[in-house]
Structure formats: C-alpha cells, structure tokens
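The report below is meant to be read alongside the sequence and the structure.

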Amino acid sequence: MTPLRHTWQVTLRYLRALFRQPAWIGITLVQPMIWLLLFGALFKSIARIPGFHGGSYIEFLTPGLIVMLAISSAGWSGMAYIEDMNLGVMDRFLVSPIWRGALNAGSVTQQIIIIALQSLIVAGLSLTVGGRFPNGVGGVAILIGVATLLGASFASLSNALALVVRQRESLIGAVTSVTLPLTFLSTAFMQQTLVPHWIRVIARFNPVNWAVQAGRSAATQHTDWNLVATRTACLLALLLTSAWLATRSFRAYQRSI
Amino acid sequence: MTQAIIAHELVKTYPGEVRALDGLSLSADSGMIFALAGPNGAGKSTTFKILTTLSRPDTGSARVAGIDVLRQPERVRQAIGVVGQKTGATPEATGSENLVMQGEIYGLSGRALRQRVNQLLDRFDLREAADRPTKTFSGGMRRRLDVALGLVHRPQVLFLDEPTTGLDPDARASLWLEIERLAGDGAMTILLTTHYLDEADRLADHLAIVDRGRIVTQGPPETLKRELRGDAIQLELEAAPSDGRVTAALLALPGLSEILADGRIVRARAEHGASAIPGLLGALEREGFAVSSVTLARPSLDDVYLRHTGHLYTKHDERE
C-alpha cells in the first residue's frame with residue numbers, strides 16, 4: 001500500500017504543477033492539431049506512391065503521430081527532476097522515508113496521463129479530417145496503450161539521465177539528439193516497404209518502431225496480433241528495465257552530492 | 001542524558017576536491033540545540049548531509065536518535081525532520097497541499113493528518129496563506145512553511161540547515177523565537193548549521209566551530225567566550241600621562257594583563273572585567289589620573305572564532 005500511496009502523492013504533485021499553468025494546457029491541446037494538419041498536408045501525396053497501401057495518409061499517419069507525441073512529451077520528463085533538484089524538493093524527498101521507486105513511478109504516471117489525453121485528442125481530430133479506425137475503440141485503446149508504454153520508458157530514461165547529468169543543458173542536448181532521429185528511423189511517417197533498406201534494419205531494433213508497428217496494426221484493418229503481442233512484450237521489458245535504472249540512479253545522484 | 005546525535009571520525013572527500021571532512025566527531029545530548037558554525041566549505045553542509053542520510057562518508061560512523069545512519073538509513077529518516085537550505089516546498093501547491101503531501105510520505109492520513117496540518121498552520125501563523133500557492137509567499141512565510149514541513153511527523157531530531165540565511169531582520173527574529181519555542185520543552189533535539197555567530201550565540205546550548213573539515217573548538221557559547229583571556233577594558237584619561245606611569249600603576253593590580261597605554265587611551269584585559277574596574281579606577285585616582293570614560297567589552301564569538309581558526313569571521317566567508 002505504501003508504495004502506491006507514495007506514487008499517487010508524487011503524481012498528484014506533478015499534475016497540480018501542470019494543470020495550474022494555463023499556458024501549458026493550451027500548448028498541449030494545440031500542438032497535436034498543428035502536427036496532424038501539418039504532416040497530413042505535407043505528406044498527403046505519399047498515399048499516391050505506387051506500393052503504398054493502407055488507405056488515406058491521415059489514417060496511416062495517426063498512429064505514427066500518437067507515438068511521436070508520446071516520446072516528445074515524455075522525453076522532457078527529467079526536466080521536472082532538475083527543477084526539483086534546484087528547488088530543494090529532491091533532497092527533501094530523499095531524506096524522507098518515501099519509496100524511491102515512487103519518485104519515478106509518480107513522474108511516469110503523470111506522463112501516462114498526459115500521453116493518454118494527447119492521444120485521444122489526436123485520434124478525435126483524425127476522425128474529423130477523414131481518418132478511420134476499423135478496429136474501433138479496442139484498436140485505439142491498444143494504440144494508446146503501446147504509446148504510453150513507450151512514453152513511460154522514455155520518461156524513466158529521461159529521469160535517470162537527469163539524476164546523472166543534473167544540468168538542464170545536458171539533458172536538452174541528449175533528448176533532442178535522441179527523440180527526433182529515433183522517430184525518423186521508424187515507420188511513423190513512411191511505410192516500411194518504401195524506406196531505404198538500412199533504415200528498415202535499424203528500425204527493427206528501434207523501440208519507437210515497435211510501438212508504431214504494434215499501434216498501427218491494432219488500429220487498422222488486417223491486424224497482425226502476433227506482431228502486436230511481441231512488440232508489446234518488448235516494450236514492457238524496456239519499461240521495466242528503464243524504471244529499474246531510474247530508481248537506481250538515485251544512488252548515483254546521492255553519491256555526487 | 002542520552003546522546004541524540006553522535007558522529008565519529010567522519011571523513012569525506014569529493015572527487016577532484018580537497019577533503020570536505022577530515023575526521024569530524026561530535027555529539028549532541030538529547031533536548032539541546034546544537035549549532036555548527038563555520039564558513040562555507042568548512043564542512044558543515046557535508047556533515048549535515050551525512051547525518052540526514054543524504055550522503056555517505058568515506059569512513060567513520062554516525063548515530064542519530066540511537067539509530068545507525070549508515071546501516072539503517074530508512075529508520076533514521078522516519079525519526080528525523082529536515083529543513084534544508086533551499087525551500088523544498090512545491091511552488092505551485094498551496095501551503096496545506098504541501099503539508100498534506102509531506103504527512104502522507106511519513107504515513108499519516110485521514111483525520112489525524114488534517115488535524116496535524118491545521119495545528120501546524122496555526123502554530124506557524126500560516127492560516128491565511130494556507131490556500132495560496134507557496135510561490136506567492138514572502139521569504140519569512142516560506143521559511144516557516146519549511147520548518148512546518150519538517151515537523152509534520154513529530155520528529156525526535158530536527159535538522160536546520162542555515163535556517164535564517166536570506167531572511168530580513170524581522171523574519172529572522174521571529175524564526176529564532178520559533179526555534180527556541182521548539183526546543184523549549186526539551187522533547188526534541190535540534191541541530192542547526194549557521195553562518196552567523198550571533199545566531200549561534202543566541203540559540204545554541206552547545207556550539208561547535210568547524211574549519212577545514214574538523215571541529216576546532218566546541219562547548220556552550222558562554223564557556224567558549226570565558227576561555228578567552230578575558231574582557232577588554234578601555235579607559236580614556238583626561239590628560240595624556242607621562243610615559244610609563246600608568247602602566248606601572250596598573251601592573252601592581254592583580255588580574256590585569258596586556259596593559260597598553262597609547263596617548264590618552266589605556267587598554268587592558270581582565271579575567272572578569274566588571275569586577276576589575278573599581279580597583280583599576282581607584283589605583284588611577286591614587287596616582288592622580290582623572291578618567292573621563294570606561295568601556296568594557298565581553299569577548300564575542302568572533303573572538304573565539306578568530307582564536308581557533310586563525311582567520312577573521314568576515315562577510316567574505318558568507319558568500320554562497
């Protein structure tokens with residue numbers, strides 16, 4: 001019970017901080033619209049490339065965009081840690097009997113809530129501009145599920161990194177140099193058969209691509225349940241490893257102060 | 001009397017830096033206010049971090065509230081309250097929300113927690129601010145909230161890291177009163193670190209001066225001051241005496257030392273300045289010197305600090 005209570009308190013603390021910033025709420029709501037409309041228009045003609053199958057580009061793009069938004073939101077999770085270190089909150093937690101795992105789990109739970117909200121916005125928006133989800137609510141739920149799994153891993157890794165580097169600049173550098181390349185080394189915006197061979201090879205080991213493939217397959221027609229299951233299992237393993245690493249990193253932080 | 005805090009031969013070296021702690025030992029009886037004073041980099045923050053389980057020493061051992069800090073940090077954390085140098089409150093959360101979360105962390109909940117939070121809000125004069133985000137608080141209010149946060153779970157030992165740094169004189173004085181009140185009933189031991197010797201003088205039952213990772217002197221502030229060679233007496237004569245006559249007259253008196261005549265000014269030290277003055281005035285009168293003024297200065301902690309560290313406790317040392 002105690003770990004759950006502690007986790008909830010940490011989650012509540014982060015959510016409070018976010019929802020009391022109107023600017024943040026506005027940006028979170030508007031950003032998905034910009035991406036969907038921008039990418040939808042920019043890459044519209046991809047659907048006419050010979051060999052592209054899977055209906056309209058909006059339908060193809062939506063799962064990719066949901067995954068991209070998930071990691072670009074969760075990747076910044078560690079910034080809140082650095083803020084907490086500067087405020088003195090982190091030290092106050094570490095001299096209290098709070099369960100160390102809760103400090104990561106609470107931050108990750110907050111990210112999961114944000115990702116779920118953002119994904120719902122994208123899915124809803126996609127429907128209004130012509131997207132379809134042949135597998136209905138279940139398919140969308142799996143799509144959002146894998147996106148949050150991946151987001152939770154990214155948030156944990158970002159938190160772990162924050163504890164080690166302890167500097168905003170270093171974290172910003174690391175996050176920007178990881179999230180965008182990983183997104184474009186996946187099939188988020190382009191069908192697998194249409195990307196160069198070397199990208200296809202890398203994508204196989206890219207967690208972002210695992211989430212994109214599983215989410216897209218679950219949300220669209222002709223679902224490959226085997227693919228969904230294996231990719232989800234890989235994402236779950238990644239999450240457990242990252243969460244363990246994030247919790248371990250408190251030791252590194254405490255050694256350095 | 002039992003010891004609430006014991007540190008034994010703590011050594012800590014940070015990578016690429018000098019030794020932060022070089023065999024520091026201390027012990028604080030339960031119920032007392034123990035002050036650690038010294039300039040930045042002297043080692044008081046490192047000691048604070050080790051005793052509060054935030055950091056670990058390279059060698060040495062420590063016990064807080066009877067519990068081994070290195071072997072059972074989790075149990076120590078439950079027994080202590082910590083108020084760090086930085087605020088530690090969540091700026092977007094209100095005063096009450098901060099207190100409730102702190103209580104939940106320490107296992108309080110429901111009605112007991114609500115009661116405790118109300119009690120602390122009243123006690124620290126935060127009632128009106130209870131539902132305002134703490135980022136709108138003044139420096140003094142925020143510091144009071146920090147102390148309240150450290151007390152939610154009724155700790156046996158309270159650690160305060162430079163509690164009044166950055167506060168205006170009013171807020172500082174009211175926090176001093178609060179700290180005295182906390183220690184008043186003797187139920188809680190308080191360890192505080194400070195830059196300010198006047199703060200240590202005012203609050204501490206026991207003062208330890210830290211320099212270069214070691215404790216250079218310690219004891220009750222009064223004792224430390226008494227150990228100095230005594231009070232400084234300064235006399236001003238109506239007319240400058242001829243050479244050596246004053247010194248000769250005063251040398252005959254017992255208990256005076258460091259007699260120095262310079263024009264109309266005569267300086268001397270006495271073990272107990274106040275009781276030396278009548279004899280001194282009498283002796284001067286017999287010799288025909290008219291005295292126009294006398295000043296007596298008790299030794300200050302600055303003198304103690306100077307004597308034991310060999311350098312002045314200046315503003316220069318107070319930089320962050």
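## Salt bridges, packing and interface

A:R132 and A:E59 form a salt bridge in which the closest N and O atoms are 3.6 Å apart. This pair links distant parts of the chain, since A:R132 lies in the loop between α6 (100-128) and α7 (136-165) of chain A, while A:E59 belongs to helix α3 (residues 57-74) of chain A, 73 residues apart. The model is a predicted one, and over all chains it holds 21 salt bridges. Between chain B and chain A the count is 3 salt bridges, and one of them joins the side chains of A:R20 and B:E97.

| Salt bridge | N to O distance |
|---|---|
| A:R132 with A:E59 | 3.6 Å |
| A:R20 with B:E97 | 2.8 Å |

Within chain A, helix α4 (residues 77-87) packs with helix α8 (residues 168-184) at an angle of about 175°, their axes being 10 Å apart. Because angles over 145 degrees count as roughly antiparallel, α4(A) is roughly antiparallel to α8(A). On the α4(A) side the residues that meet α8(A) are A:G78, A:M79, A:I82, A:E83 and A:N86, and their partners in α8(A) are A:R168, A:L171 and A:I172. Sorted by class, this contact has 4 nonpolar, 2 polar and 2 charged residues.

The size of an interface is often given as the accessible area lost when the parts come together. Here chain B and chain A bury about 2,500 Å² between them, with 54% of it on carbon and sulfur atoms. Of the area that chain B buries against chain A, 28% is supplied by B:L54, B:M101 and B:I105, which is more than any other three residues supply. The contact takes 30 residues from chain B and 26 residues from chain A.

Chain B is itself divided into domain 1 (3-226) and domain 2 (229-298), and the C-alpha centres of these two domains of chain B lie 45 Å apart.

Conventions: Residues are numbered from 1 along each chain as its sequence is written. Chains are lettered from A and ligands numbered from 1 in the order in which they are written. This is a predicted model: local features need pLDDT of at least 70, side-chain atom pairs count only at pLDDT 80 or more; totals for chains, interfaces and linings use all residues. Side-chain values use heavy atoms; hydrogens and water are left out. Domain bounds come from an automatic or database domain assignment. Axes are lines fitted to C-alpha atoms, for helices over the stretch in contact, and angles run from 0 to 180 degrees between N-to-C directions. Helices (H or I, at least four residues) and strands (E, at least two) are DSSP runs, numbered from the N terminus. Angles under 35 degrees count as roughly parallel, over 145 as roughly antiparallel, 65 to 115 as roughly perpendicular and the rest as oblique. Contact means heavy atoms within 4.5 Å. Ala, Val, Leu, Ile, Met, Phe, Trp, Tyr, Cys and Pro count as nonpolar, Asp, Glu, Lys and Arg as charged, and the others, Gly among them, as polar. Buried area is the accessible area (1.4 Å probe) that two parts lose on being put together, summed over both. A salt bridge is a side-chain nitrogen of Lys or Arg within 4 Å of a carboxyl oxygen of Asp or Glu.
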